[in-house]
Amino acid sequence: MAAIKPEEISHSPMDQLQGLEYCIDSNPSWVETIILGFQHYILALGTAVMIPSFLVPSMGGSDDDKVRVVQTLLFVEGINTLVQTLFGTRLPTVIGGSYAFMVPIVSIIRDPSLAMIEDPHLRFLSTMRAVQGALIVASSIQIILGFSQIWAICSRFFSPLGMVPVITLVGFGLFDRGFPLVGTCVEIGIPMLILFVVFSQYLKNFQTRQVPILERFALLITTTVIWAYAHLLTASGAYKHRPDVTQHSCRTDRANLISSAPWIKIPYPLEWGAPTFDAGHSFGMMAAVLVSLIESTGAFKAASRLASATPPPAHVLSRGIGWQGIGILLNGLFGTLTGSTVSVENVGLLGSNRIGSRRVIQVSAGFMIFFSMLGKFGALFASIPFPIFAAIYCVLFGLVASVGLSFLQFTNMNSMRNLFIVGVSLFLGLSIPEYFREYTIRTLHGPAHTKAGWFNDFLNTIFYSSPTVALIIAVFLDNTLDYKDSAKDRGMPWWAKFRTFKADSRNEEFYSLPFNLNRFFPPS
């Protein structure tokens, strides 16, 4: 038997991910672009509906209030996505609502001065204004860190090895949004999961007019089929005598969004009234803004790979964080009941359908703005049951996590140092937030439970986030443990050429500002 050559059992590291049909600056036909953009819009609806559906009732809000918050959130998401793809990192990323803000917002809802208000609608408005004020103040963190290029300086301490746990847990850290929600309605969720995998993977070579329609539009086709199936189950009375929890998860008419939505409604700033400001609320919200910054950093790195681009230079990454801070400011001004972060599920969809085009995401932003103003039509799509979205998340979150693992190709995984750092940061990045979650469910408050509410919110928010815990541990270990003699093992020689804008000629193609704005804002 002939000796096996080394190149036959190993694969050379690749700066850009291969196998995509369209990369960041190439575009499908306009018809395909519009359909693909609508597909990203449908996917973004899951988080946009889920967050207000959880928070608004606990604030005393009605179904009408919930619909207005969903519309406002989608409207601001559309604006933020357009701004990010035009002037931020310019990566094909949807900027959506963030679960990182749940802890400080729930703390505001439970504030005795607000909870004691007897009139439900007045309590809702007062709580909304308090959340708005906290978001407006906290947004300054990302605005300052981003536009001052402080975050670019901080990113000098990042290496491919240190980023692996962060990007990986951007996907894996959302495991509780996956199968646990599928399990709330298995007759819808499991068929959706199976059908989506079959269409997007096993039937991906099926073509019509040389277009792989089942792979490219798998999300849209499977969602339509399972949604129709769910509607048939609802109409046939299959859930009439089932528990309320099952009915809420499975029925297509339980959200009360369509009946409550106005035909036309244009969101505008301060429509809930003048924001109120409280130092404790704002400080707690700042922790969520920091978590959002870290999670978005990991998601930007994943999006660059799935768009077949090079990693964003530090200057570009910091610029994107600055514009995301502006987005959180808009969240506060409009009253969306959450802040902004990169939508992880939409990043995963770039890899699932192998379309990394920036224009597709910009079209999806147009759909968000358009349907947020046409209330009834937007509410129709927003009535898709949550288990359908959860089934899709099972695939897309996993795909983003695997992109994080792909950065290991630039490191030496025969090094015990590297194995220790990756293993410990991944394990603790999952284990510590899980402890905080279980503790909160058991005691109805986080492990940090002192008389200083702002301090509690800050710590509980930070350690509730898997990517944030992973970054703290991985970056600390990577920069303190035998770091002087391990630059090559950490992947720094490969990473160095992407640190500055002018170090690689491809950066200009991927990340230059439009309308020749680089003349006025020269990259560093």
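Guide: A charge sits over a ring if NZ of Lys or CZ of Arg is within 6 Å of the ring centre and within 35 degrees of the ring normal. In this predicted model, Arg-437 lies over the face of Tyr-464, at 5.8 Å from the ring centre.

Visitor: Over which ring does the charged end of Arg-177 sit?

Guide: Over that of Tyr-99. The distance to the ring centre is 3.8 Å.

Visitor: How many aromatic pairs does a search of the whole structure find?

Guide: The search returns 26. Phe-38 and Tyr-41 make a tilted pair, with 5.7 Å centre to centre and 40 degrees between the planes.

Visitor: Where do Phe-38 and Tyr-41 lie?

Guide: Start with the general idea. An α-helix has 3.6 residues a turn, so residues three or four places apart point the same way. Here, both Phe-38 and Tyr-41 belong to helix 1 (residues 30-58). They are three residues apart, about one turn of the helix.

Visitor: Is Phe-38 buried or exposed?

Guide: Buried means under 20% relative accessible area. Phe-38 has 17%, so it counts as buried. Tyr-41 is buried too, at 0%.

Visitor: Which residues form one aromatic cluster with Phe-38 and Tyr-41?

Guide: Phe-367, Phe-370 and Phe-371.

Visitor: What angle separates the planes of Tyr-435 and Phe-436?

Guide: 90 degrees, which makes the pair edge-to-face. Tyr-435 is partly exposed, at 44% relative accessible area, whereas Phe-436 is buried at 10%.

Visitor: How far apart are the end C-alpha atoms of helix 5?

Guide: At 1.5 Å a residue, the 28 residues of helix 5 (residues 120-147) should span 40 Å. The end C-alpha atoms are 40 Å apart, so the two agree. After helix 5 comes Gln-149, with a positive phi near 70 degrees.

Note on methods:
Residues numbered from 1 in each chain as written. Predicted model: local features only at pLDDT ≥ 70, side-chain atom pairs only at ≥ 80, totals over all residues. Heavy atoms only, no water. Helix = DSSP H or I, 4+ residues; strand = E, 2+ residues; numbered from the N terminus. Expected span 1.5 Å × (residues − 1). Phe/Tyr/Trp six-rings, centres within 6.5 Å; stacked < 30°, edge-to-face > 60°. Buried < 20%, exposed > 50% of the residue type's maximum accessible area, 1.4 Å probe, protein only.
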